[in-house]
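Welcome! Here is a short briefing to read alongside the sequence and the 3D view.

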Amino acid sequence: MSYSKSIGSRWIIMLGVIGGLFISSCGESSTDDAMTDASAISEGATEEQVGRVKKIFYAIPSPVEMVSLIQDMGSRYDYSVLNKVENRTKYNTAKSKAVNLGIYGADLSYTSVFNQNQESILYMSCAKQLADDLGISGAFSDATMARVEENLENRDSLLHIITETYYELDAYLKENDRSNISAQVITGGWLEGLYLASKMVEKSGKGNELSSRLIDQKYALKDLIALNEANNKDGSLDDILVDLKALESVYDGADSDNSTVETSVDADGKVTLGGGPAATMSDAAMDELIALAKEIRTKYVM
Amino acid sequence: MIIIMLGLMLPILASSQCRRFTKVSCIPALGEYVPNENFNSAILIPGDEAELMMTFYAGQDYRVLICTEDILGEVGFKLTDDGGKTIFNSENLDAAFMDFSVDHTQQVKVNLTVPDRASPNNLVHQGCATVLVGYKEKG
């Protein structure tokens, strides 16, 4: 696919040069935010006009992946742990709508992974309404909602539709310079995944695989804090950062060795990443983490 | 004024182009892997670098896919661990993706490098680059 052919007529290049010069005269940001940096570079700009800034992305594991892990480890479905759908009308600020759009997304992932079709429709509807309120309804189009209803019995297809919908939503926010809202949605989804996992550990007991995955969240948290810091130009993420850093201080109590990653390839050509750091946490620290995850999550859903 | 307005809109159009490119040309290449929900795309130019930080969970199978527009040329990429040790390098791969499973949860960095090249008219061409991460659902 040739990008230059699709937009490459001469008049567009001319306008790009003018646009690039205009942006340059306003002072190009030196931030590392990928979408901002990228959009400051115009087709046809000369090499002298282009400042090089390394683009840095912070990808956070999706809530779908977290709840799939919860199911894989034998946890039973528990509707009572999810954010109540009737709470939706309580969210009156852009921040509370964005964070709970992420939280409802994680809950939607949970109901879908466990094949709870009616609940999935309810949570999809909640997410759509919050997205509409935030002016990002495109991702939850009528066509998307119809696809959800058509695929309720097909778990894998449903999970693909959900992740694609949230992907579209994230793309829309980032390309419209609303990366702070994107960070709030992503943080809400991660917090709900952490909360759901912690509730399951409460039931199943510590020292199992699920509690290990809960400890493993320390790595994703590191990236999540970096993501929020990179998008906090207006201070709208200050409160979230306080909460995330409180969680980080609990995770600082987790022990971690520093062994390097070893790559192995089996006879079938399958590649495995072995080794790497292994984190452990005392029961007391785990209790503290579970309590704090609940406290922070409760603050956002109420 | 109209020209300036159109000039200012161009980056937005380019960004939308990147979103469409990713949706049409990149996500299908993930195949059976469920995509991560984060949009990690940027408009790059020759000589640019980008990196993505991500946590990969123990016991999961992943595909990391690098998807770029042809105008950028052969974009090189490598995966490194938290300590900077190279895990994979695209120089040793035939495909623009890597499939692997993970024994222990760990942070991995994906580095992209767009080849630098001289332009006869000193103009720089840009193209979309996307990093996609998908995990495999266990039946």
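Two residues are in contact if their C-beta atoms, placed from the backbone, lie within 7 Å. Leaving out residues up to four places away in sequence, A:Ala197 touches A:Met66, A:Ile70, A:Leu210, A:Arg213 and A:Leu214. This is a predicted model, in which local features need pLDDT of at least 70, side-chain atom pairs count only at pLDDT 80 or more, and totals for chains, interfaces and linings use all residues. Residues are numbered from 1 along each chain as its sequence is written, while chains are lettered from A and ligands numbered from 1 in the order in which they are written.

**Chain A overall**

- Chain A has 12 helices and 5 strands; these are DSSP runs (helices H or I, at least four residues; strands E, at least two), numbered from the N terminus.
- Of the chain A contacts between residues at least 6 apart in sequence, 68% join residues at least 24 apart.

**The core**

- The largest nonpolar core has 115 residues, and A:Ala127 and A:Ala197 have the most contacts inside it.
- Helix α9 (residues 179–204) of chain A gives the most to this core, with 12 residues.
- Such a core is a set of buried Ala, Val, Leu, Ile, Met, Phe, Trp, Tyr and Cys residues joined through C-beta atoms within 7 Å.

**Helix α9 against helix α12 in chain A**

- The axes of α9(A) and helix α12 (residues 283–301) of chain A come within 9 Å and cross at roughly 135 degrees, with axes fitted to C-alpha atoms over the stretch in contact and angles running from 0 to 180 degrees between N-to-C directions.
- That angle makes α9(A) oblique to α12(A), since angles under 35 degrees count as roughly parallel, over 145 as roughly antiparallel, 65 to 115 as roughly perpendicular and the rest as oblique.
- Residues of α9(A), including A:Leu191 and A:Tyr195, meet residues of α12(A), including A:Ile290 and A:Arg297.

**A residue in chain B**

- B:Lys78 sits in strand β5 (residues 76–81) of chain B.
- B:Lys78 counts as partly exposed because it has 18 C-beta neighbours inside 10 Å.
- Beyond its neighbours within four places in sequence, B:Lys78 is in contact with B:Thr86, B:Phe88, B:Asn89, B:Ser90 and B:Asn111.

Definitions and conventions. Buried ≥ 20, exposed ≤ 12 C-beta atoms within 10 Å, placed from the backbone.
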